[in-house]
Amino acid sequence: MPELLEVKDLHTQFFTRDGVVRAVDGVSFELAAGETLGIVGESGCGKSVTALSLMRLIPQPPGRITKGEILFDGQDVLKMDDDEVRGIRGNRVAMIFQDPMTSLNPVLTISRQVSEALELHLRMDRTESRKRTVELLELVGIPSAKSRLDDYPHQFSGGMRQRVMIAMALSCNPKLILADEPTTALDVTIQAQILDLLKNLAREFRTAFILITHDLGVVAGMTQRIHVMYGGKIVEKADTGELFANPKHPYTWGLLRSIPRLDETRREKLRPIEGLPPDLIALPPGCRFAARCQYKRDVCTEKEPELVSIPNAKADHEARCWGTQAGGWLVDVDYRTDTTVFATAKADA
Amino acid sequence: MATLSAASASQQHAADVNVLVRRQRSLWGDALYRLKRNRAAMAGLAVVLVAAVLAILAPVIAPYDPIRQDTPNSLMEPFWGNPKFTLQQYPLGSDQLGRDILSRLIWSARISLVVGFVPVTLVFLIGATVGMAAGFYGRWVDNLLMRLVDVIYAFPDLLFLIIIMATLRGTILGNLLGGLVLMFVAIAVVGWVGMARLVRGQVLSLKEKEFVEAARATGATNRRIMFRHLFPNTLAPIIVSVAFGVPSAILAEATLSFLGIGIKPPTPTWGVMINEGFVVFSTTPWPVLLPAFCISLVMLAFTFLGDGLRDALDPRQRAR
């Protein structure tokens with residue numbers, strides 16, 4: 001089956017006064033039609049820049065996609081002219097932004113904003129697009145949608161606004177939706193509702209989905225596959241179930257350890273990952289996570305590992321770590337029972 | 001009892017269809033509501049409206065032709081003056097050529113309001129376009145346009161106006177409509193820079209907002225983003241600036257006409273009347289005081305209205 005989206009060796013860089021920020025540094029992945037993918041990582045690891053690069057929305061200058069290919073439906077997005085890219089944006093690829101409070105224009109009515117893509121891409125006139133807008137708003141669960149068409153964003157709550165954003169994204173039946181932290185700005189009860197809505201709609205319309213988040217809990221129930229990003233690179237790729245059952249990168253372990261769990265006894269504290277993500281201007285020569293890794297050895301700071309298949313795991317499970325590769329010193333380590341972490345924690349105390 | 005149950009039934013109905021029982025207000029409706037509660041602004045608006053009606057209906061309302069001379073009855077005083085020097089047919093007196101001051105004041109309102117609004121419209125068109133382009137495109141476009149703005153801004157307004165009016169008065173442009181067209185152009189050329197700066201500043205901050213990125217992600221073109229997404233967001237400060245621009249244009253006209261390089265006599269304007277009345281000021285002050293009073297009143301009215309609009313459109317700035 002041909003892939004819907006193929007990203008090959010994507011490099012996005014920002015040219016600032018302090019130097020070149022290598023925000024996305026050689027990212028490759030594929031996505032089939034109707035598939036859902038989660039991209040996980042902490043702030044500043046290149047998740048959002050990856051998403052913006054896919055739609056060529058990187059502000060230019062200072063940003064530039066310096067290398068790579070983005071094949072959408074077989075066409076290279078990076079080789080398109082501006083009109084062609086605009087024809088894709090909002091039409092075949094749509095985006096949902098993080099903060100519904102600021103991503104709706106405060107002085108335009110809801111109907112005008114939702115119908116924008118309809119008018120631009122489907123050439124609908126005012127009456128048609130209003131009718132379709134009502135349908136879309138009902139689809140995303142806005143009660144008495146018809147009477148709220150001419151309301152302004154400030155008359156909607158945060159959750160409702162995010163629903164409007166989803167309606168906007170769905171308006172042209174896109175093949176791919178990029179959701180950049182769609183629930184981060186919402187409170188927890190609303191988060192669950194919005195995630196449910198996204199999941200159901202994606203399934204119903206067979207829309208492929210890339211969900212970008214820093215919260216592993218959010219992607220757990222949502223996506224088929226997860227890519228973990230760190231320092232502008234993908235450090236681990238796996239099926240969602242496999243990633244949670246059998247993670248193979250110390251960074252993923254760190255992320256999982258810092259999630260509070262309900263199903264375990266409260267004998268231990270949460271273990272955050274110490275330190276900060278690497279400076280993307282001056283990257284270390286070896287593994288990007290080495291500075292914060294409790295398992296590092298000399299090789300980690302000298303040579304950068306490749307993203308390769310991992311022993312003791314499913315075939316399509318890949319990780320970028322010297323320790324968990326074939327012959328590495330972490331192959332048989334189970335992060336849940338491993339005591340190295342506790343040992344270092346004790347030594348610190 | 002019956003009404004009670006009916007009321008509860010309608011409430012029940014409202015709850016059923018999930019309609020919020022409240023008054024819907026749009027952004028502009030809200031602003032209008034606040035403006036209406038501002039007494040000073042409403043008084044200002046009333047004065048402006050009266051002046052506008054007088055100006056439009058001048059040919060009907062004015063008792064005499066404003067340039068009809070009645071030399072035997074020159075320099076009459078208003079009706080509250082010395083009865084020896086008043087005439088019933090000229091309730092506000094006459095000037096040194098025997099022209100009816102009341103008629104001249106009414107006709108002058110025409111010029112003043114036109115001079116108030118036409119240049120401000122030009123200022124808005126030029127300033128908003130330049131400001132939008134500079135703010136949105138940035139880089140060399142911004143640099144080029146803003147350096148031009150700086151050059152004009154560095155010049156004292158009045159000096160610039162005087163230079164334009166004095167040098168171009170004799171040309172064809174200066175003679176169109178008794179100098180009115182040149183006046184429009186001069187005030188617009190001097191005034192657009194402020195508007196351009198205002199709009200540029202607004203656009204600079206607005207274009208970084210997420211909704212612009214969202215619009216781009218839906219495939220909107222630059223032009224669409226500028227006109228449909230950014231422009232309506234800049235409208236509130238623009239309206240306020242226009243409201244303050246009108247009185248300053250009126251004042252500029254009066255100043256230039258008073259200096260004798262504005263509207264050419266015999267076309268009556270308040271500035272021209274002050275200029276002409278000045279020579280007889282020691283005999284009777286009224287030919288000067290009455291038009292001066294009109295200018296002050298209209299300026300005050302527009303300023304109140306502008307203040308009210310500012311408070312109404314941006315309630316956060318109001319210190320209370």
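In this predicted model, strand S1 of chain A runs antiparallel to strand S4 (residues 63–72) of chain A, and eight bridges join the two. Within this pairing, A:Lys8 stands opposite A:Glu69 in S4(A). S1(A), which spans residues 5–16, is also joined by 10 bridges to S2(A), residues 19–31, again in an antiparallel arrangement. The bridge partner of A:Leu5 in S2(A) is A:Leu31, and S1(A) and S2(A) form a hairpin that has two residues between its strands.

These strands belong to an open sheet of four strands, whose order is S2-S1-S4-S5 in chain A and whose pairing is antiparallel. Because S2 and S5 (75–76) of chain A each have a single partner strand, they stand at the edges, and one side of each is left without a neighbour in the sheet. Helix H1 of chain A, residues 47–54, lies across S1, S2 and S4 of chain A and runs at about 70° to S2(A).

A further open sheet of chain A has eight strands in the order S6-S7-S8-S3-S9-S10-S12-S11, with mixed pairing. Its edge strands are S6 (93–96) and S11 (308–309) of chain A, each of which pairs on one side only. Helix H5 of chain A, residues 158–170, packs on this sheet, where it touches S6 and S7 (176–180) of chain A, and the direction of H5(A) makes about 170° with that of S6(A).

Taken as a whole, chain A has 11 helices and 12 strands, and its C-alpha atoms fill a box of roughly 65 × 50 × 45 Å along the principal axes. A compact globule of 349 residues would have a radius of gyration near 20 Å, and the 21 Å of chain A agrees with this.

| Helix pair | Residues | Angle | Axis distance |
|---|---|---|---|
| H12(B) and H13(B) | 270–277 and 286–313 | about 155° | 8 Å |
| H5(B) and H9(B) | 101–137 and 180–206 | about 40° | 6 Å |

H12(B) and H13(B) pack at about 155°, and since angles over 145 degrees count as roughly antiparallel, these two helices are therefore roughly antiparallel to each other. Their crossing is left-handed. The contact is made on the H12(B) side by B:Trp270, B:Met273, B:Ile274 and B:Gly277, and on the H13(B) side by B:Pro287, B:Val288, B:Pro291, B:Ala292, B:Cys294 and B:Ile295. By class, the residues of this contact divide into nine nonpolar, one polar and no charged. The crossing of H5(B) and H9(B), by contrast, is right-handed, and the contact of these helices has 23 nonpolar, four polar and two charged residues.

Finally, the contact between the two chains takes 19 residues from chain B and 25 residues from chain A. On the side of chain B that touches chain A, helices H10 (210–217) and H11 (222–258) of chain B each supply at least two residues, and H10(B) gives the most, with six residues. That side of chain B comprises eight nonpolar, seven polar and four charged residues.

Key. Residues numbered from 1 in each chain as written. Chains lettered and ligands numbered in written order. Predicted model: local features only at pLDDT ≥ 70, side-chain atom pairs only at ≥ 80, totals over all residues. Contact = placed C-beta atoms within 7 Å. Nonpolar A, V, L, I, M, F, W, Y, C, P; charged D, E, K, R; others polar. Pairing = 2+ DSSP bridges. Axes fitted to C-alpha atoms, helices over the stretch in contact; angles between N-to-C directions. Parallel < 35°, antiparallel > 145°, perpendicular 65-115°, else oblique. Left-handed = near helix turned anticlockwise from the far one by under 90°. Rg over C-alpha atoms; globule rule 2.2 N^0.38 Å.
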